[in-house]
Amino acid sequence: MSPFLITRTLPEDTVGADLRADVLSGLTRTRKELPPKWFYDARGSELFEEITRLPEYYPTRAEREILLARAPEIAAAAGARTLVELGSGSSEKTRHLIDAMLPGLDSYVPVDVSESALTGAAEALTADLPGLRVHALVADFTRGLALPGTPGPRLVAFLGGTIGNLLPAERAVFLRSVRSLLAPGDGLLLGTDLVKDERTLVAAYDDEAGVTAEFNKNVLAVLARELGADVDPADFDHVAVWDPEREWVEMRLRARRALTVKIPELDLVVPFAAGEELRTEVSAKFRQAKVRGELAAAGLELTRWWTDEEGRYALSLATAR
């Protein structure tokens, strides 16, 4: 018998259907765009891991610094018996938190769209921590979520600054959906990248080695492989810009010349003018007051706030009211 459980709530054909819907919607708009989740095929995931090790990309190091230094404080403040992690991936960075929450932690519920990532993480955790119950969910947390029956209090962790990839209206919906999973006194541990100087922000998304450029263009490879798009990444330049009004970084792909992309799987022809841009990611940056306000609007009260020594990144603990 497996030492852990895996429950699939995501239908097998969901990813392909979602890709087709996003491409059809996003590439027929006046301002073309695609959601950033389509970066992450096997190659995209490898490239992102490489990005996290680049000198320019500070968020991963800053978050790890906080977890290493503050995990016991976070565990004590949360007092949780169940840890739920949204977008858990390999669960590697969460291990510091899990270790700090033991022996009081009864259950860990990792949630991800990748069954293989969940299986690998669950096998590693149960081998090292045989007393920990692991119930993995193959699910898309942006679609709503039903959690297994595990003991409370619960702590939901959403790390990596991923909430910054959601537009403001999407964040509001997401935070309300998280609140709906929680009983009064349960908590949300949220990772947010903070507003800082433009040079540092843009460099994190436009490194000198060109790894982020390759990562950005990888979405074109996904379109070619999955939908038969006749697109050449060499026809596009990687662009990263800071929007000071919205306080977010945008990644874009800019057509180097006038061209047409044919996508036979959708019977779609997409024209690009020379210099026309396709937005592939928004990465919002935050201030404490903004985090507090958005949490409050969802019925969550900000109770603790931790940053790295340089004040670049924050982990916040919010409690369900």
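Which residues are linked with Glu 33 in a network of salt bridges?

Guide: The model is a predicted one. In it, a network of salt bridges links Glu 33 with Arg 29, Arg 31, Glu 250, Arg 252, Arg 254, Glu 277 and Arg 279. Glu 33 itself is found in the loop between helix 1 (14–26) and helix 2 (42–51). Its relative accessible area is 19%, and because the cut-off for buried is under 20%, Glu 33 counts as buried.

Two partners of Glu 33 may be described in turn. With Arg 29, Glu 33 forms a salt bridge in which the closest N and O atoms are 2.2 Å apart; Arg 29 is partly exposed, at a relative accessible area of 39%. With Arg 279, the salt bridge has its closest N and O atoms 2.7 Å apart. Arg 279 belongs to strand 11 (residues 277–284) whereas Glu 33 is in the loop between helix 1 and helix 2, so this pair ties together parts 246 residues apart in sequence. Both Arg 279 and Glu 33 are buried. The side chains of these two residues are also joined by a polar contact of 2.7 Å.

Beyond neighbours within four places in sequence, Glu 33 is in contact with Gly 26, Leu 27, Leu 278 and Arg 279.

The structure holds 34 salt bridges.

Terms used. Residues are numbered from 1 along each chain as its sequence is written. This is a predicted model: local features need pLDDT of at least 70, side-chain atom pairs count only at pLDDT 80 or more; totals for chains, interfaces and linings use all residues. Side-chain values use heavy atoms; hydrogens and water are left out. Helices (H or I, at least four residues) and strands (E, at least two) are DSSP runs, numbered from the N terminus. Buried means under 20% relative accessible area, exposed over 50%, partly exposed in between (1.4 Å probe, protein chains only). A polar contact is a pair of N or O atoms within 3.5 Å; within protein, one must be able to donate a hydrogen and the other to accept it, and residues adjacent in sequence count only if both atoms are side-chain atoms. Contact means heavy atoms within 4.5 Å. A salt bridge is a side-chain nitrogen of Lys or Arg within 4 Å of a carboxyl oxygen of Asp or Glu.
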